[in-house]
Amino acid sequence: MNGFEEFFVRLAEDSPRWNFVWLYDERQAERILSGLWMTVKLSIACVILSVIIGIAGAWMQGAKNRVARAIVQGYIQFFRNTPPLVQLLFFYFALGQFTPVVTGPDGWTQIPVISNVGWAIISLSFFAGAFNVEIFRAGIESVPYSTREAAESLGMTRTQTYTNVVFPLALRVSIPALSNNLINLVKTTTQAFAIAVPELLYESVSVWNDFPSAQNPTMLLLFVVYISLVGVLAFGMTSWERKLRIPGYGE
Amino acid sequence: MKKYLALTTALSVGLGPFAAIAQECTNDTWNHVMESGTLTVGVKADYKPWGFRNTDGDIIGMEPDMAQLVADTMGVDLELVAVVSSNRMQFLEQGQIDLMIATMTDRPDRREIVGIIGPNYYTSGTNILAPEALEFDEWEDLRGQPVCAVQGAFYNQIVEERYGVEIVAFGGTAEGRQALRDRRCVAWVYDDSSIGSTLATGEWEGFEMPLPSEDDSPWGLAVPLAEQNCIFGNFMSGMQYNWHQDGTLLELEEKWGIQPTPYLQSMNERMADHLAE
């Protein structure tokens, strides 16, 4: 044990509220780190998936096919108007019973093809995706109709117009609202706690249940970690926004 | 400002001799309960038959009954607040409840946070609810297997470290047990006494409590830490002493259909009045 660890062991002895147990106990450190890693993985997967859903959904909203538009509208209404926590519980406990399962080696346990982590990614991505669709739609609608007509007059197809003209312009308008939603998404990953996804909040609560004296330090850690995680994301989004800036557009 | 200063000086000089005692026992919670006429007790609402909701949504059970006896003795109204394992100590600390009787195991690290009052009113061990089909007969059989649990139970860590099981902990008992029914894990680790009652409901056909119970440990009710050695703490000690002596706990155990525990029997004998018949 080095001096750094000794300091925190002594601190825990002197003040029973401030037991930074994960700074000197290897097992607890592992728990916190594995929780952090799970939160990072969850966040990255959900951010990417939800953005893809948003782009695809916004494109489908402008489709000529009425059924496609209705599907997107139904999807948005369902996912935007129900709480993410209810969605998680519904997906895991209700839908989870109908998904295919693999019988475990003991012949009794049934390991679902979609694990709780899988359900968390699906549920949270669709939740944030519903908002992303609306965000991208707002961006697309902000592109003047005359711009689209100009593209058409150059002989571009609808897809070409979308990918080369409308979407690049719409994206720039959408980024501020998009970063808001993605930041919210990263914070919402904590709700996966409810279906026992071992992310940072789950591991933190487990640690302070095992060591009641570690509650204050662990809460502090939670705040610091989420502020940093969201900070990294917000910084990335701002730099991206600046990089994509077209002088004179959207200012 | 000058007046205020003079007043505080006078007060501090005047009260000086009493300050030491006053600092030790302010009896804030006790006084607050007596003044407001309501005792707020944190109990479980998902732990049949110690604390659970009846069809009307009221919380009933052995511990709510104990809380009622406390309130009656104090001559105040009772208000029950549902707590879970992972928030019960915090509720008490933050003053959202005045007293906690919530199936809590008496652990040394918990005594640093809340004022756990003796003599302990119950004990239970750790066991599992598992399907008969898996034929577990010793704890070692669980090594490396997923076992459902509830957040906030002290034995999660113990079985994880001792037998290398993979704990999947849910926020509430309902979710944890549902996960066992859904076959997401091979067993549900919990208090043996509660598992016994769960099995007695007859809703768990094909399940059993197959292992020898481990870590039999006493349960403790708690008052805010500052009042442990003051009126409230001593009062609760007295309540529990009498419950053991006059057999109230044994009666309650029978009333709620809990398997008789040797602990309550032995406490009843130990505390028996030597002058009584």
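## Sheet of chain B

In chain B of this predicted model, three strands form an open sheet in the order E2-E3-E4, with antiparallel pairing. Strands E2 (46–47) and E4 (59–60) of chain B are the edge strands; each has a single partner strand, so one side of each is left without a neighbour in the sheet. Two strands count as paired if DSSP finds at least two bridges between them. Strands are DSSP runs of E with at least two residues, helices are runs of H or I with at least four, and both are numbered from the N terminus.

Strand E3 (residues 51–53) of chain B runs antiparallel to E4(B), and two bridges join them. Phe52(B) has Ile60(B) in E4(B) as its bridge partner.

## Fold of chain A

Chain A has nine helices and two strands. Their order from the N terminus is α-α-α-α-β-β-α-α-α-α-α.

Among the contacts in chain A with a separation of 6 or more, 73% are between residues 24 or more positions apart. A contact requires C-beta atoms, placed from the backbone, within 7 Å of each other.

The C-alpha trace of chain A spans about 75 × 55 × 30 Å along its principal axes.

Buried residues make up 36% of the 251 in chain A; a residue is buried if 20 or more other C-beta atoms, placed from the backbone, lie within 10 Å of its own, exposed if 12 or fewer do, and partly exposed in between.

## Basis

Residues are numbered from 1 along each chain as its sequence is written, while chains are lettered from A and ligands numbered from 1 in the order in which they are written. In this predicted model local features need pLDDT of at least 70 and side-chain atom pairs count only at pLDDT 80 or more, while totals for chains, interfaces and linings use all residues.

How values were computed:
Contact = placed C-beta atoms within 7 Å.
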